[in-house]
Amino acid sequence: MSVLLDVKNLQVDLPTANGMLHAVRGIDFQVNRGEMLCIVGESGCGKSMTSMALMGLLPKRAQCTAERMAFDGTDLLTLSKKERNQIRGMRMSMIFQEPMTSLNPSYTLGNQLCEGILKHKKISRSEARERAIYLLERAGVPYAAERLEQYPHQLSGGLRQRVMIAMALMCEPDLIIADEPTTALDVTIQAQILRLIRELQQEFGTAVIFITHDLGVVARIADWVAVMYAGQVVETASARQLFSSPVHPYTQGLLNCIPVPGRTAPGSHLQAIPGVVPSLVGELQGCAFRNRCDRASTECTRSQPQLISVDGGQHQVRCPVMTQQWQEAV
Amino acid sequence: MPDFALELCGLSRYFQLKKGLFKPATVLKAVNNVSLRIPPGQTLGLVGESGCGKSTLAKMILGLLPPSEGDVLINDKAIDLSDRLALARQIQPIFQDPYSSLNPRKTIEQIIRLPLQLHGVGDAASQRRAVKDISDLVGLPERLLRQYPGQLSGGQRQRVAIARALILKPAILVCDEPTSALDVSVQAQILNLLLDLKQELGLTYLFISHNLGVVEHLVDKVAVMYRGQIVEQGDRDAIFHHAQHPYTQALLSSVLTPEPGLGLPELPDSSQWAQAS
């Protein structure tokens with residue numbers, strides 16, 4: 001499989017009144033064609049900032065640096081605004097979290113669906129409409145042709161998210177970034193939308209970066225997972241490896257603190273992770289997770305841990321203590 | 001001891017939707033003939049999709065919205081909507097969003113103390129003591145009492161909301177999605193706290209949530225609401241292992257547990273459970 005997106009040492013800094021906020025503190029990842037990468041983490045861990053950096057949608061004051069940020073061989077960092085616009089929407093598109101606010105209330109759905117493709121491709125208005133109807137139908141929107149004349153407020157939340165998905169697919173992009181696309185939806189609708197994303201992804205061979213905080217969702221759809229904490233990737237592995245043998249204490253903590261029907265005894269104490277995430281303003285000394293970690297030693301305060309492979313392969317963990325333990329156990 | 005801490009008898013709430021000046025108004029039955037009973041010290045979980053009437057129901061129970069029909073009974077007595085203070089001593093809410101449910105211009109101590117002042121309980125010194133005691137109980141460090149909500153994290157704010165709800169020593173708490181705005185690691189802390197408080201104070205909870213994993217963990221009984229009606233209710237194990245209604249079955253099968261390789265559930269068409277209700 002060929003590498004579609006290759007990111008190395010991506011950093012995003014935001015100046016605030018209290019000093020520089022290091023939202024993303026050096027992350028590396030690769031996405032292969034047709035693959036689903038899930039980035040999972042809690043609020044403020046930098047997952048949305050990462051996606052915004054990839055799309056080139058960061059706020060103006062943000063400073064974004066990287067050693068490498070290559071999309072299908074093109075270096076995204078050196079692109080002019082015009083060249084960037086040609087990639088964005090055409091070869092790389094985005095599904096946002098809030099289907100309520102990410103559609104423009106004053107334009108019809110047809111107008112919004114066709115806008116991108118008319119701009120990017122030499123295509124007639126009626127061809128664009130046909131494609132919009134086809135994709136709406138594929139996305140499970142009933143009465144697709146009539147919907148084109150409707151406005152976003154006439155649709156339910158689940159339907160609006162389906163429209164967003166159809167919109168992201170209009171130009172047949174190589175990469176879709178989905179930022180918490182099901183968080184605002186009911187659980188039954190969530191299951192349907194996730195199925196739809198998975199089906200369309202396999203049908204069109206699109207690569208997807210799926211950003212979420214829900215490990216249940218990750219387990220069911222991901223090929224590859226990156227767990228983020230405080231602006232860094234702390235563990236990355238294939239979905240199967242990550243859930244069957246999580247190594248980083250944060251990953252283990254996240255998995256232990258969700259009540260799972262049938263596995264957690266009702267009414268028993270959950271293994272909560274104590275404390276809160278550290279502030280990302282200013283420099284962090286040592287491991288960012290050490291204050292909430294029950295295995296932290298003095299070593300953890302001294303040096304910044306690096307991502308190291310635990311199995312000699314692609315299962316990488318940013319915790320030398322646990323890596324050593326895991327390797328000894330195996 | 002009354003048989004039921006909280007009882008709803010045929011509770012309904014209708015809204016008139018006016019389409020135009022001369023067109024007849026249509027009636028939206030937001031809550032339609034709901035009957036529920038919670039014995040003292042137990043937790044009832046209320047689940048359902050957004051817009052099914054869960055929050056309207058909660059508002060009626062709290063006396064914030066008069067019902068169109070039916071009664072709310074607390075300790076076997078119908079609630080008196082004209083005496084809001086008496087009602088507030090018996091039943092208190094915890095809301096979903098700890099960012100908007102606390103006044104940003106008041107210190108944490110003022111927020112927690114306000115119910116005592118409104119009800120004229122004790123003098124200033126005893127009120128301050130009560131605030132300190134309740135903060136200890138919910139795990140709020142004392143130094144936070146002088147700070148403002150904006151300086152606190154989401155989990156800490158929800159602890160403040162719980163402290164404020166408990167300071168009048170009510171018997172019943174109505175928790176409307178109390179953890180859905182929180183991160184999973186913090187959610188576990190708050191759920192543990194709610195479980196501890198239930199045991200220590202013998203509280204009765206009405207726990208409204210769409211997260212079935214959380215509901216199964218916390219509750220004794222479950223009621224499933226769909227389009228304003230309770231379509232199924234019963235003990236936790238009965239609902240979670242032997243659900244009868246197609247909507248309950250669809251809800252249960254859409255719970256995504258963190259087990260890789262299971263794939264996504266295939267759900268029946270929603271018309272199935274719409275017909276069955």
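Trainee: Is Glu177(B) buried, partly exposed or exposed?

Mentor: This is a predicted model. Glu177(B) sits in the loop between strand 7 (172–176) and helix 6 of chain B. A residue is buried if 20 or more other C-beta atoms lie within 10 Å of its own, and exposed if 12 or fewer do. Glu177(B) has 19 such atoms within 10 Å, so the residue is partly exposed.

Trainee: What is phi of Glu177(B) near?

Mentor: Glu177(B) is a residue other than glycine, and its phi is positive. The value is near 50°.

Trainee: Where is Arg227(B) in chain B, and how many other C-beta atoms lie within 10 Å of Arg227(B)?

Mentor: Arg227(B) is not a glycine either, yet has a positive phi of about 50°. Its place is the loop between strand 9 (221–226) and strand 10 (229–235) of chain B. Arg227(B) counts as partly exposed because the number of other C-beta atoms within 10 Å is 17.

Trainee: Is Leu11(B) buried or exposed?

Mentor: Leu11(B) belongs to strand 1 (residues 6–17) of chain B. Leaving out residues up to four places away in sequence, Leu11(B) touches several residues, including Met60(B), Pro67(B) and Val72(B). There are 22 C-beta neighbours inside 10 Å, so Leu11(B) is buried.

Trainee: How many Å apart in space are Leu11(B) and Val31(B), C-alpha to C-alpha?

Mentor: Val31(B) is among the residues that Leu11(B) touches. In sequence the two are 20 residues apart. In space, C-alpha to C-alpha, the distance is 7.2 Å.

Trainee: Which residues touch the most other members of the largest nonpolar core?

Mentor: In soluble globular proteins, nonpolar side chains tend to be buried together. Here the largest nonpolar core holds 172 residues, and helix 6 (residues 157–169) of chain A gives the most to this core, with 8 residues. Those that touch the most other members are Val218(A), Val225(A), Leu206(B) and Phe207(B).

Trainee: Which residues is Val218(A) in contact with, leaving aside neighbours within four places in sequence?

Mentor: Val218(A) is one of the residues that touch the most other members of the largest nonpolar core. With the sequence neighbours left aside, its contacts are Cys38(A), Val40(A), Thr212(A), Val225(A) and Ala239(A).

Trainee: Which helix of chain B supplies the largest share of the side that touches chain A?

Mentor: In this interface, 35 residues of chain B are in contact with 37 residues of chain A. Helix 6 (184–201), helix 7 (212–218), helix 8 (236–241) and helix 9 (246–253) of chain B each supply at least two residues of that side of chain B. By class, that side has 17 nonpolar, 13 polar and 5 charged residues. The largest share, 7 residues, comes from helix 6 of chain B.

Trainee: At roughly what angle do helix 3 and helix 4 of chain A cross?

Mentor: The axes of helix 3 (residues 109–120) and helix 4 (residues 125–138) of chain A come within 9 Å, and the crossing is right-handed. Residues in the contact include Leu113(A) and Ile117(A) of helix 3 of chain A and Ala128(A) and Arg129(A) of helix 4 of chain A. The axes cross at roughly 120°.

Trainee: Which domain does UniProt list for residues 5–255 of chain A?

Mentor: Over residues 5–255 of chain A the chain is 39% helix and 27% strand, with the end C-alpha atoms 28 Å apart. The name comes from an unreviewed UniProt entry, which lists these residues as "domain: ABC transporter".

Note on methods. Residues are numbered from 1 along each chain as its sequence is written. Chains are lettered from A and ligands numbered from 1 in the order in which they are written. This is a predicted model: local features need pLDDT of at least 70, side-chain atom pairs count only at pLDDT 80 or more; totals for chains, interfaces and linings use all residues. Two residues are in contact if their C-beta atoms, placed from the backbone, lie within 7 Å. Helices (H or I, at least four residues) and strands (E, at least two) are DSSP runs, numbered from the N terminus. Ala, Val, Leu, Ile, Met, Phe, Trp, Tyr, Cys and Pro count as nonpolar, Asp, Glu, Lys and Arg as charged, and the others, Gly among them, as polar. A nonpolar core is a set of buried Ala, Val, Leu, Ile, Met, Phe, Trp, Tyr and Cys residues joined through C-beta atoms within 7 Å. Axes are lines fitted to C-alpha atoms, for helices over the stretch in contact, and angles run from 0 to 180 degrees between N-to-C directions. A crossing is left-handed if the near helix is turned anticlockwise from the far one by less than a right angle, and right-handed if clockwise. UniProt positions are given in the numbering used here, feature names are shortened, and annotations may be inferred rather than shown by experiment.
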